[in-house]
Amino acid sequence: MASSSRRSKDLEIVSFKDHFSSRSGDYAAYRPTYPDALTDYLASLCESTDAALDVGCGTGQLSVLLAERFRHVVGTDASAQQIESAEEHERVEYRVAPAEKSGLPEGSFDLITVAQAAHWFDLDAFYMEARRVGKLGVVLALITYGVVQADPDVDATIQHFYKDVVGPHWPPERRHVEDGYRSLSFPFDELTAPPLAIEVQWNASQLIGYADTWSVVRGAEKALGREPIEQFKRDLLSAWGEPDKQRVIRFPMSLRVARIETFKP
């Protein structure tokens, strides 16, 4: 990894719903990578590709991809642990900051992205901040991917675990992910995004590692203990066959995209 990526932690940090800091290393290792088609599409919408802001960046999965299209990328996350685990890139600067109060200069960014995080935000406050830090006509994109899909012989095991075992313990915000963010407030003239999906080739341990990063798992452990999660692992390995066998795993994506008016206080 490049050593020239910068991290800043000198900003005021507010309380936030933190479901991921305790597993930042696993999050970095097992969360899927976004397709190049996503960053190609977003860059094509921007008049300039000087600067992008990736809000709620986690461990930088999207930030580093944006850096292949933009000259400078700032990734922000309210979790210091996520930022510490973020993938380094010479054109990415990471900062610990809440989505609603970035501390960044106004009128700075051509693109603002939020990937798999907008459902945790105070959206009204975040949209005000996006208007402040965006350039005139800044492109705003809320990005989410839905429930994992796999080959039929293993998908039933995954869906049973997702819906029936840990399903009752999902935070209420999860419904926004399941409906492709259609229920989130998005008070802008929306652009029509192309159909996109994440597709990866994973073995059994990679899928198990991904499932163990779900925000619901920690809550389910408190209520049910670790055994239901361990049973899922046994069931999946049984259904999978050879554990090292690579299978196509698919995550359907949903985007809400607009060019927004900037706001100067």
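# Packing and buried residues

Modeller: Helix H8 passes helix H10 in a right-handed crossing. The model discussed here is predicted.

Biologist: Are H8 and H10 roughly parallel or roughly antiparallel to each other?

Modeller: The axes of the two helices, H8 and H10, come within 10 Å and cross at roughly 150 degrees. Angles over 145 degrees count as roughly antiparallel. The relation of H8 to H10 is therefore roughly antiparallel.

Biologist: Which residues in H10 do those in H8 meet?

Modeller: H8 contributes Ala204, Leu207, Ile208 and Ala211 to this contact, and their counterparts in H10 are Phe232, Lys233, Leu236, Leu237 and Trp240. By class, the contact holds 8 nonpolar residues, no polar ones and 1 charged residue.

Biologist: At what angle do H6 and H10 pack?

Modeller: Helix H6 spans residues 152-165, and its axis lies 8 Å from that of H10. H6 is roughly antiparallel to H10, because angles over 145 degrees count as such. Their crossing is right-handed. The packing angle is about 165 degrees.

Biologist: How many residues of the contact of H6 with H10 are nonpolar?

Modeller: On the H6 side stand Asp153, Val154, Thr157, Ile158, Phe161 and Val165, which meet Pro228, Ile229, Phe232, Asp235, Leu236, Ala239 and Trp240 in H10. Among these residues, 1 is polar and 2 are charged. The number that are nonpolar is 10.

Biologist: Against which helices do the buried residues of H9 pack?

Modeller: Helix H9 covers residues 215-224, and its buried residues are Ser215, Val216, Val217, Arg218 and Ala220. After H9 comes glycine 225, with a positive phi near 85 degrees. The partners of the buried residues of H9 are helix H8 (204-211) and helix H10 (227-240).

Biologist: Which residues have the most contacts inside the largest nonpolar core?

Modeller: This core, the largest nonpolar one, has 57 residues. Apart from it lies another core of 28 residues, including Val114, Ala117, Leu123 and Phe186. Inside the largest core, the residues with the most contacts are Tyr34, Ile143 and Trp214.

Biologist: Is tyrosine 181 buried or exposed?

Modeller: Tyrosine 181 lies in the loop between helix H7 (174-178) and strand E7 (190-191). Its phi is positive, about 65 degrees, although the residue is not a glycine. Isoleucine 143 has tyrosine 181 among its contacts beyond four places in sequence. Buried means under 20% relative accessible area, so tyrosine 181, at 0%, is buried.

Biologist: What is the relative accessible area of glutamine 116?

Modeller: Glutamine 116 is found in the loop between strand E5 (109-115) and helix H5 (123-133). Its phi, near 55 degrees, is a positive value in a residue other than glycine. Glutamine 116 counts as buried, with a relative accessible area of 8%.

Biologist: How far apart in space are isoleucine 112 and valine 55, C-alpha to C-alpha?

Modeller: Isoleucine 112 is found in strand E5, where it is buried, with a relative accessible area of 0%. Its contacts beyond four places in sequence include Leu53, Val55, Phe126 and Ala130. Although isoleucine 112 and valine 55 are 57 residues apart in sequence, their C-alpha distance is 7.2 Å.

Biologist: Against which strands do the buried residues of H5 pack?

Modeller: In H5, the buried residues are Leu123, Phe126, Tyr127, Glu129, Ala130, Arg132 and Val133. Of these, Phe126, Ala130 and Val133 are in contact with isoleucine 112, a residue of strand E5. The strands against which the buried residues of H5 pack are E2 (51-55), E5 and E6 (134-145).

Biologist: What distance separates the C-alpha atoms of tyrosine 30 and glutamine 206?

Modeller: Tyrosine 30 belongs to helix H1 (residues 24-30) and is partly exposed, with a relative accessible area of 27%. Beyond four places in sequence, tyrosine 30 touches Trp202, Ser205, Gln206, Gly209, Tyr210 and Thr213. Tyrosine 30 and glutamine 206 are 176 residues apart along the chain, yet their C-alpha atoms are separated by 6.5 Å.

Biologist: For how much of the contacts with a separation of 6 or more do residues 24 or more positions apart account?

Modeller: The protein has 10 helices and 9 strands. Of its 265 residues, 54% count as buried. Among contacts with a separation of 6 or more, the share from residues 24 or more positions apart is 78%.

Definitions and conventions
Residues are numbered from 1 along each chain as its sequence is written. This is a predicted model: local features need pLDDT of at least 70, side-chain atom pairs count only at pLDDT 80 or more; totals for chains, interfaces and linings use all residues. Side-chain values use heavy atoms; hydrogens and water are left out. Buried means under 20% relative accessible area, exposed over 50%, partly exposed in between (1.4 Å probe, protein chains only). Helices (H or I, at least four residues) and strands (E, at least two) are DSSP runs, numbered from the N terminus. Contact means heavy atoms within 4.5 Å. A nonpolar core is a set of buried Ala, Val, Leu, Ile, Met, Phe, Trp, Tyr and Cys residues joined through side-chain atoms within 4.5 Å. Axes are lines fitted to C-alpha atoms, for helices over the stretch in contact, and angles run from 0 to 180 degrees between N-to-C directions. Angles under 35 degrees count as roughly parallel, over 145 as roughly antiparallel, 65 to 115 as roughly perpendicular and the rest as oblique. A crossing is left-handed if the near helix is turned anticlockwise from the far one by less than a right angle, and right-handed if clockwise. Ala, Val, Leu, Ile, Met, Phe, Trp, Tyr, Cys and Pro count as nonpolar, Asp, Glu, Lys and Arg as charged, and the others, Gly among them, as polar.
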